[in-house]
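Here is a short briefing to read alongside the structure. Keep the 3D view open and find each residue as you go.

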Amino acid sequence: MSKLSNNQGRGYEYACLYELYNALSEVRAVEIVKNNSLEAAKRAYSTLTDTEKKTYRISAKAMIPAIIECEPRMIEDDGDVLLLYIQKDEEGKKGDVRDIIIARNQLKWEIGLSIKHNHFAVKHSRLSPTIDFGEKWFGINCSKNYWKEVTPVFDYLERAKHAGKKFNELHNKDSKVYKPIIAAFINEIKHQYSKHTVLPKKMVEYLLSKYDFYKVISVDSKSQTQIQAYNLHSTLNKPTKRHKPKIIIPIASLPKRIISIDFYPRRNNTAELYMDNGWTFTFRLHNAETYVAPTLKFDIQIKGMPTEILTINCIWK
């Protein structure tokens, strides 16, 4: 991720956090928990132009009424304090994609928001000679055959690195690098699924989150903020003592079966995964750096999901 993209992403987190604080503190006691992640987001926000800051604040404000209608416990004043905080990046590596946590400790209740600025990517996971993606993604070590297939490709990249080459200088990059790695990835998924039927569920929990969450996406070009509610474990949308949520979030089903995984048509660098219950993902492999390195990066997109996953489009005012 470029420094500019990083600052925009963190800056948007900061804008969302403080617009939430401003709105909720009018109706109940709210506290922002200070930590290093908050300071990093604040520094990123300070690098934005005045126009960007205004846009981010407008975008953040737009999503708040809908989130409140989904989660009335945010505004229930029960004599306790509502806590707002930005999570550490390390939590994402553990399978928790939530950037902002909204919590009431006395009630033992919390929800989380995954904050995105102008992009819909699910993950940007890497493959390398030392990354066992199977262990990381679904808790099953990659097979010897997987390593046998990918090692010659990463060795080739290592040699190109020592030669000081750029990725755009590699000849037949599609057939020499991307295609064999994608083929090995596809073969490994098929192999492990044939032995472990829990793989589809574990894979989606890795790609999305181990925890239920709301994804908040600022779509600046459309002047709207999109909310996607991932209520996979029935932890979102809880009522208060007196009120039910005004917007009902259905419970979506995790997949149990892989229907197919193969190359995306006419693309040597992309795999396409179909699972039951409406889940579809694409995995586009690309070089993460200008100069060659023995590491590659996935741009993972969700192309299909259960109809129970509610999407709310919040138009900016």
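Lys108 sits in the loop that links strand S3 (100-104) and strand S4 (109-117). This is a predicted model, and Lys108 has a positive phi of about 55° in it, although Lys108 is not a glycine. Most residues other than glycine have a negative phi.

**Loop residues with a positive phi**
- Is Lys108 buried or exposed? With a relative accessible area of 78%, Lys108 is exposed.
- Asn172 is another residue other than glycine with a positive phi, near 55°.
- You can find Asn172 in the loop between helix H6 (144-162) and helix H7 (173-195).
- Asn172 counts as exposed, because its relative accessibility is 53% and the cut-off for exposed is over 50%.

**Aromatic rings**
- The structure holds 18 aromatic pairs.
- One of them joins Trp137 and Tyr206: the ring centres are 5.1 Å apart and the planes are at 20°, so this pair is stacked.
- Trp137 belongs to helix H5 (residues 133-138) and Tyr206 to helix H8 (residues 199-207), so the pair ties together parts that are 69 residues apart in sequence.
- Both partners are buried, Trp137 with a relative accessible area of 3% and Tyr206 with one of 10%.
- Which residues form one aromatic cluster? They are Phe133, Trp137, Phe138, Tyr146, Trp147, Phe185, Tyr206, Phe283 and Phe298.
- Elsewhere, look for Arg98, which lies over the face of Tyr211 at 4.5 Å from the ring centre.

**Helix H3**
- Helix H3 (residues 50-70) has 21 residues, and at 1.5 Å a residue these should span 30 Å.
- Where does H3 bend? The bend is at Ile64 and comes to about 25°, with a proline, Pro65, following within four residues.
- Ile64 is also one of the buried residues of H3, and others in that list include Tyr56, Ala60, Met63, Ile67 and Cys70.
- In an α-helix there are 3.6 residues a turn, so residues three or four places apart point the same way.
- The buried residues of H3 are covered by parts that include helix H1 (3-24), helix H2 (36-46) and S4.
- Strand S6 (213-219), strand S7 (224-230) and strand S12 (310-315) are also among the parts covering the buried residues of H3.

Definitions and conventions: Residues numbered from 1 in each chain as written. Predicted model: local features only at pLDDT ≥ 70, side-chain atom pairs only at ≥ 80, totals over all residues. Heavy atoms only, no water. Phe/Tyr/Trp six-rings, centres within 6.5 Å; stacked < 30°, edge-to-face > 60°. Helix = DSSP H or I, 4+ residues; strand = E, 2+ residues; numbered from the N terminus. Buried < 20%, exposed > 50% of the residue type's maximum accessible area, 1.4 Å probe, protein only. Lys NZ or Arg CZ within 6 Å of the ring centre and 35° of its normal. Expected span 1.5 Å × (residues − 1). Bend = angle between axes of the 7 residues up to and from the residue. Contact = heavy atoms within 4.5 Å.
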